[in-house]
Structure formats: structure tokens, C-alpha cells
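Subject: Structure handover

Hello,

Here is the structure we discussed. Please load it first; my notes follow below.

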Amino acid sequence: MDFNLSEEHLAVRDAARYFAQNELLPEVIERDNAQKFDPVLLKKMGELGFLGMMVSPEYNGSGMDTLSYVLAMEEISKIDASAGVIMSVNNSLVCWGIEKYGSQELKQKYLTKLATGEMIGAFCLSEPEAGSDATSQHTTAVDRGGYYLLNGTKNWITNGNTSNVCVVIAQTDPEKRHKGINAFLVEKGVEGFEVGKKEDKMGIRASDTHTLMFSDVKVPKENRIGDDGFGFKFAMNVLNGGRIGIAAQALGIAAGAFELSLKYSKERKTFGKPISDHQAIQFKLSEMATKIEAARLLVYKSARMKDEGKDYVQAAAMAKLFASDVAMWVTTEAVQVHGGYGYVKEYHVERHMRDAKITQIYEGTSEIQKLVIARELLK
């Protein structure tokens, strides 16, 4: 086991940290209040290579490994988890899936633009009645020869209004159940594609989350990803990798809240001395740091396994399960360390606490992660 990061990995981490501290931090509270991410910042993320980190240079990507990706995700999510989820969806659920399973035509047409941020992607799996049960797709894609006719509604879609192209999972043959599901690339603006209401969320408020509706949308047959019936497998495979990204986001949220708490504990005084001198605070900081380090090792391990071509399904599920729980616990403790100041926006930790909760829910709830882990253990 090698716990040291290479010079290249350190350079990626430092570049992400610099961008987060200097570009994301100044107006992060304002973006959270406005529930809007700055398109100028999104453009910069694309220019710096953060939106296509694992994409091959052949398709305008950065050509980096998964570990580089999670290092960048952690640093960016320390400051702005909304930026982190925009980055995660584009990298893990859209770009990676297209490069791994898409045709050359789809890679040239979409991936080359998604990797640079010229286009932004969305991943459309969840529905009003199909969240954790991804096999129960009510969105249909009827084969009409040269095209598919797409009808249905998708819920909780990150980048729902920002995106230019969406990966849509739909049922083509209901009798085959999950083996009759397909994945399609659908461009924004085509006839019958409507962006619904924006969700008013507790956390990650600067990322836009919308309902998307499809009414007799014609999807060219060449926009199907993979063979007929490959859609469910495609969705599960990209979600396995996506869990590593969300685990890194949760890790970043926790680490960001801890760093703020450590700094505050040295500055805030009670009874004539910094609160960091009080054993009660020291114990909190110690446990926060230990849990974060344990989460970090799980996240890094899952990334390494993916990069080495090993079966990383269990490792990714464990990383997401543990890191999301750590994020929720650490951010709650961070508010407690800050006392009354922790309850106001100016000190940031209340936002980290709100942002942390979603990491236990999206891209597979904590309960689903436990099922995945159990299934892998019992094979």
C-alpha cells in the first residue's frame, strides 16, 4: 500500500484548492441565497479541465485518473458543494458513460463539447415513482424505425435547466423489464422537451434541480447508447462510478466544515482562553479528524481500484455510505463548535450541514448502499 500522492496528483489537488479558495469562496453565500450558479464560474471550470477530468485528450478531456478526480472534487466541495455536484454529474454520469459505452459518432458530437464545458450534461433516471427502484421506469421510448418516441417525466434532475444534453433512461419493452430499458442522449430544445419547475432545496441550492418532461420527443436511433436493452446496465455502471464522486463530495463537505471549526476554535475565547484549550472541543476536533481520515482512505481506495481495473462496486458503495454519514455527523458537530455563530450563514458551517444531507440520498440512498454491499458480500 502506498499512501503517498504523486507530484501530478498534488498539482491537481493544489490547482483545485486554488480555484475553490479564490474563485468559488468570495460569493458562495450569495449563490446559495440566490439558488443560482454563476455561468462565468462554470465556464472557468470547463476551461480548467474540471468538467472532463477523466475524458481522454482525444475527446478534449484532461485524461486524468479517478484519484485526480476525487482530489479535485474534495477541494471544490470543501468550499461549494453545489459546484461539486455540477462537476460530479458531468464527469461521472455523463462523460464517463458516453466515452465507455457510446458510439464514435456520439463521442465526437457530444463528448468533445461536454469535456470542455461547452456543453453541460444531465442524467435522467429518477421519476415520480422510480427512485431507488430504477427498474420501474414509466418513461417510455417506443421504437418507430428510424427514431424512438420518448414520453415521460424525470424528477430531481441536477443541471436540469443548465444542461444542453441529457442522458435519459427509458423503457422500450415493458415485458422484458430491466432488460428492455435503454439509454438515450436527448438535446435540450427539441420539440416536446419541456423543463419543469425548479426545486426549492434545503442544500446544494446553487445547483439547479428540475423536473424534465418529454412529450412525443423524437430521438434519433443513433442517439441510443449501447445495444438495445443495455440501458439498465448502463445506468448501474455509471452510478457505481458516480458513487465515488459523491463520496468525494461528502468528504469535501466534511473536511471543509472541520477546517472552519479548527480555525474558529483557535480564535474564539471563553473563560479567558481559546476554546481549543477546552477538552470538550479537543475531543470533538479529534473525532472529526479521525472520521474524515477514515472516509478519505475509503474514497481513495475505491478510486485506486477503479483506476486499476478492479471490481470496485463494493468499495464505492462503502465509500459513499461511510463518507456521507461522516459528512452529516461532522457538519452537525461543526455547528456545535461554532455555537450561535454556527447557526448563521456568515460562518459557512450551517450551509455545509444543509449540503451534507443530500449525500446520504442521491446516487443511491444509504439504505441502497447497504443492499449493494450485502449483495457483494454474499456473492
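The side chains of E75 and K78 are joined by a polar contact of 3.2 Å. This is a predicted model, so treat the distances here as computed from it. E75 has another polar contact, side chain to side chain, with R17 at 3.0 Å. Its place in the fold is helix α4, residues 66-79. Is E75 buried or exposed? E75 is buried, because its relative accessibility is 5% and the cut-off for buried is under 20%. Leaving out residues up to four places away in sequence, E75 touches R13, A16, R17 and A20.

Salt bridges

How many salt bridges are there? The count comes to 24. Side chains of opposite charge can pair when their charged atoms come close.

- D14 and R13: the closest N and O atoms are 3.6 Å apart. D14 is partly exposed at 39% relative accessibility. R13 is also partly exposed, with a relative accessible area of 23%.
- E293 and R296: N to O is 2.9 Å. Both residues sit in helix α8, 3 residues apart, about one turn of the helix. E293 is partly exposed at 37%. R296 counts as buried at 17%.
- K379 and E376: the closest N and O atoms lie 3.2 Å apart. K379 is exposed at 72% relative accessibility, whereas E376 is buried at 13%.

Surface patch

M1, F3 and L297 make a nonpolar surface patch of about 430 Å². L297 belongs to helix α8, which spans residues 279-307. L297 is partly exposed, because its relative accessibility is 36%, and that class lies between the 20% and 50% cut-offs.

Strands

Strand β5 covers residues 181-187 and is mostly covered: 6 of its 7 residues are buried. Which way do β4 and β5 run? They run antiparallel, and 7 bridges join them. Strand β4 takes in residues 165-171. As one example of the pairing, A170 has N182 in β5 as its bridge partner.

K197 lies in strand β6, residues 193-198. K197 is exposed, with a relative accessible area of 56%. Beyond residues up to four places away in sequence, K197 touches T209, H210 and T211.

Positive phi

Most residues other than glycine have a negative phi. Two residues to check against that:

- I204 has a phi near 35°, a positive value in a residue other than glycine. I204 lies in the loop between β6 and β7 (209-220). I204 is buried, with a relative accessible area of 3%.
- E363 has a positive phi of about 55° and is not a glycine. E363 is in the loop between α10 (349-358) and α11 (366-377). At a relative accessible area of 12%, E363 is buried.

Best wishes

Notes. Residues numbered from 1 in each chain as written. Predicted model: local features only at pLDDT ≥ 70, side-chain atom pairs only at ≥ 80, totals over all residues. Heavy atoms only, no water. Helix = DSSP H or I, 4+ residues; strand = E, 2+ residues; numbered from the N terminus. Buried < 20%, exposed > 50% of the residue type's maximum accessible area, 1.4 Å probe, protein only. Polar contact = N/O pair within 3.5 Å; in protein donor to acceptor, adjacent residues only side chain to side chain. Contact = heavy atoms within 4.5 Å. Patch = residues over 30% accessible without salt bridge, like charges linked within 9 Å, V, L, I, M, F, W, Y side chains within 5 Å. Areas by Shrake-Rupley, 256 points an atom, 1.4 Å probe, with all protein chains shown as cover. Salt bridge = Lys/Arg side-chain N within 4 Å of Asp/Glu carboxyl O. Pairing = 2+ DSSP bridges.
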